[in-house]
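Reader: I would like to learn how to read a structural model feature by feature, with the general idea stated before each case. Could we work through one together?

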Amino acid sequence: MNEAGTFDYARLKALFAKLVFKVGRQDAAAAYLGISRQRVSQLGSANPEHARDIPTWEQVWTLEDACGQSVVFGALAQTIEPPAVAPAACPLKETHDVVQASAALLPIAAALQAGDFAAFDALMEGVDRLKLEARELRAVATNVTRLREVR
């Protein structure tokens, strides 16, 4: 949507041009779609002459399927309903990182228990990493909770 609340053709065309690039440029897109390279160019062109000449949803679907990424549909969906959490901010991933950092301490602590006092520095570094991972998990979990309360 643009400021007037109508569909933003320019954005669709820009996203389509990005999708064409991801699929392997105009020649590849033309081959997938069974149309000419010139037609692909027109569908993604910002030229005012082609302003309302937009790709069909089937054409978008075909290219997204070909490249394995939702370039157009994904971007349009995010304008309607933005994700609750940034894709990089995943509580499950952060929990996994905490568990891995914790598990890495076990053999070091066992070595220290067995009298290998040289393992002390490694244990302290491991504890610092565990604390860092726990802080990251806390930040992500707090963000998720805040975003859900807003909805």
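Reader: Which residues in helix 6 are buried?

Author: Before the answer, a word on the source: this is a predicted model, in which local features need pLDDT of at least 70 and side-chain atom pairs count only at pLDDT 80 or more, while totals for chains, interfaces and linings use all residues. Residues are numbered from 1 along each chain as its sequence is written, and side-chain values use heavy atoms, with hydrogens and water left out. A residue is called buried under 20% relative accessible area, exposed over 50%, and partly exposed in between (1.4 Å probe, protein chains only). Helices (H or I, at least four residues) and strands (E, at least two) are DSSP runs, numbered from the N terminus. On that basis, the buried residues of helix 6 are Glu94, Asp97, Val98, Ala101, Leu105 and Leu112.

Reader: How many residues does helix 6 have, and what span is expected for it?

Author: The expected span of a helix is 1.5 Å times one less than its number of residues. Helix 6 (residues 91-113) has 23 residues, and from its first C-alpha to its last it reaches 33 Å, close to the 33 Å expected at 1.5 Å a residue. After helix 6 comes Gly115, whose phi is positive, near 105 degrees.

Reader: Which residue other than glycine has a positive phi?

Author: Arg25 has a positive phi, near 80 degrees, although it is not a glycine. Arg25 is placed in helix 2 (residues 25-33), and at 52% relative accessibility it counts as exposed.

Reader: How many helices and strands does the protein chain have?

Author: The protein chain has seven helices and zero strands, which along the sequence gives the pattern α-α-α-α-α-α-α. Of its 151 residues, 26% are buried. Contact means heavy atoms within 4.5 Å, and among the contacts in the protein chain with a separation of 6 or more, 63% are accounted for by residues 24 or more positions apart.

Reader: Which residues touch the most other members of the largest nonpolar core?

Author: In soluble globular proteins, nonpolar side chains tend to be buried together. A nonpolar core is here a set of buried Ala, Val, Leu, Ile, Met, Phe, Trp, Tyr and Cys residues joined through side-chain atoms within 4.5 Å. The largest such core has 17 residues, of which Phe16, Leu19, Val20, Ala29, Val40, Leu63 and Val72 touch the most other members. The elements that give two or more residues to this core are helix 1 (9-23), helix 2, helix 3 (37-44), helix 4 and helix 5, and the largest share, six residues, comes from helix 1. To take one member, Val40 is in contact with Phe16, Val20, Gln26, Ala29, Ala30, Leu33 and Ile35, when its neighbours within four places in sequence are left aside.

Reader: Where do the buried residues of helix 5 lie around its axis?

Author: The buried residues in helix 5 are Val72, Ala75 and Leu76. They cover an arc of only 95 degrees around the axis, which puts them on the same side of helix 5; the arc is that of the directions from the helix axis to the C-beta atoms. The cover over these buried residues includes helix 1 and helix 4.

Reader: Is Gln59 buried or exposed?

Author: Gln59, found in helix 4, counts as buried at 16% relative accessibility. With its neighbours within four places in sequence left aside, Gln59 is in contact with Leu33, Ile35 and Leu43.

Reader: How many aromatic pairs does a search of the whole structure find?

Author: A pair of aromatic rings is described by the distance of the centres and the angle of the planes. Rings of Phe, Tyr and Trp (its six-membered ring) pair if their centres lie within 6.5 Å, and planes under 30 degrees apart count as stacked, over 60 as edge-to-face and the rest as tilted. The search finds two aromatic pairs. One of them, Trp57 with Phe73, is tilted, at 5.5 Å centre to centre and 35 degrees between the planes. Trp57 lies in helix 4 (residues 57-67) and Phe73 in helix 5 (residues 72-80), so this pair ties together parts that are 16 residues apart in sequence. Trp61 and Phe73 also form a tilted pair, at 6.3 Å centre to centre and 50 degrees between the planes.
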